Amino acid sequence: VLTPAQIKSICQAILDSGKQYAIKKRKPFPLMYSYYGTEYLGAAHGLSSILQMLLSYHEHLKPSDRELVWQSVDFLMEQEQNCNWPPELGETIERENELVHWCHGAPGIAYLFAKAYLVSKKPQYLDTCIRCGELTWQKGLLKKGPGICHGVAGSAYVFLLLYRLTGNSKYIYRAQSLFPVNLIKMEHLLYTRQHCFK
């Protein structure tokens, strides 16, 4: 378990890194990060998960740094394209290549806006989170497997999150409707792997 001083120190290092990068690259917003030279936005390697973590420990941030986090959250919200986000900053989503995965896109970014809503109680963050869920439902099942990053579980968890935020039972229905599919995908995966090693 980390002490409050250690948490504050880690948060400050993350903030300092984001500020320095944003200044160096002349970004029009205060915090940005790069992962292997790419400015990702999604939950796996990107800005949204970093901001979500900083909001989770907002009480350890100086008021001026808190404001930088909120400015960056609002900037990320402005990057929305048809209820989704491109994998990296500056990209335009093309429908045939659209990623609606937990790692890149609405299902993962929803968690940032859920945290932003819980901390601020501002309805625009909840509205954005709901749009993320609606797009996830419209796009349907992912074909890449049962996992969180590129799979059915990543989509299903968004609906559990929305149920916890809103109490609307349609989200429980949606989550439940995806889990049997996930079990079938897992069963197929296990069956395939067992036969590969015989």
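**Close-up views: cysteines and a helix pair**

A search of the whole structure, a predicted model, finds 0 disulfides.

**View 1. Cysteine 83 and its closest cysteine sulfur.** The closest cysteine sulfur to that of cysteine 83 belongs to cysteine 132. The two sulfurs lie 7.7 Å apart. A disulfide needs the sulfur atoms within 2.5 Å, so this separation is too far for a bond. Cysteine 83 has 24% relative accessibility. It therefore counts as partly exposed.

**View 2. Cysteine 103 and its closest cysteine sulfur.** Here the closest cysteine sulfur is in cysteine 149. The distance from the sulfur of cysteine 103 is 3.5 Å. The cut-off is again 2.5 Å, so this pair is also too far for a bond. Cysteine 103 has 1% relative accessibility and counts as buried.

**View 3. Helices H1 and H3, axis geometry.** Helix H1 spans residues 4–24, and helix H3 spans residues 63–78. Two packed helices are described by the angle between their axes and the distance between the axes. The axes of H1 and H3 come within 12 Å. They cross at roughly 55°. H1 and H3 are therefore oblique to each other. The crossing of H1 past H3 is left-handed.

**View 4. Residues at the contact of H1 with H3.** H1 brings Gln12, Leu15 and Lys19 to the contact. From H3, they meet Asp65, Leu68 and Val69. By class, the contact has 3 nonpolar, 1 polar and 2 charged residues.

Key
Residues are numbered from 1 along each chain as its sequence is written. This is a predicted model: local features need pLDDT of at least 70, side-chain atom pairs count only at pLDDT 80 or more; totals for chains, interfaces and linings use all residues. Side-chain values use heavy atoms; hydrogens and water are left out. Buried means under 20% relative accessible area, exposed over 50%, partly exposed in between (1.4 Å probe, protein chains only). Axes are lines fitted to C-alpha atoms, for helices over the stretch in contact, and angles run from 0 to 180 degrees between N-to-C directions. Helices (H or I, at least four residues) and strands (E, at least two) are DSSP runs, numbered from the N terminus. Angles under 35 degrees count as roughly parallel, over 145 as roughly antiparallel, 65 to 115 as roughly perpendicular and the rest as oblique. A crossing is left-handed if the near helix is turned anticlockwise from the far one by less than a right angle, and right-handed if clockwise. Contact means heavy atoms within 4.5 Å. Ala, Val, Leu, Ile, Met, Phe, Trp, Tyr, Cys and Pro count as nonpolar, Asp, Glu, Lys and Arg as charged, and the others, Gly among them, as polar.
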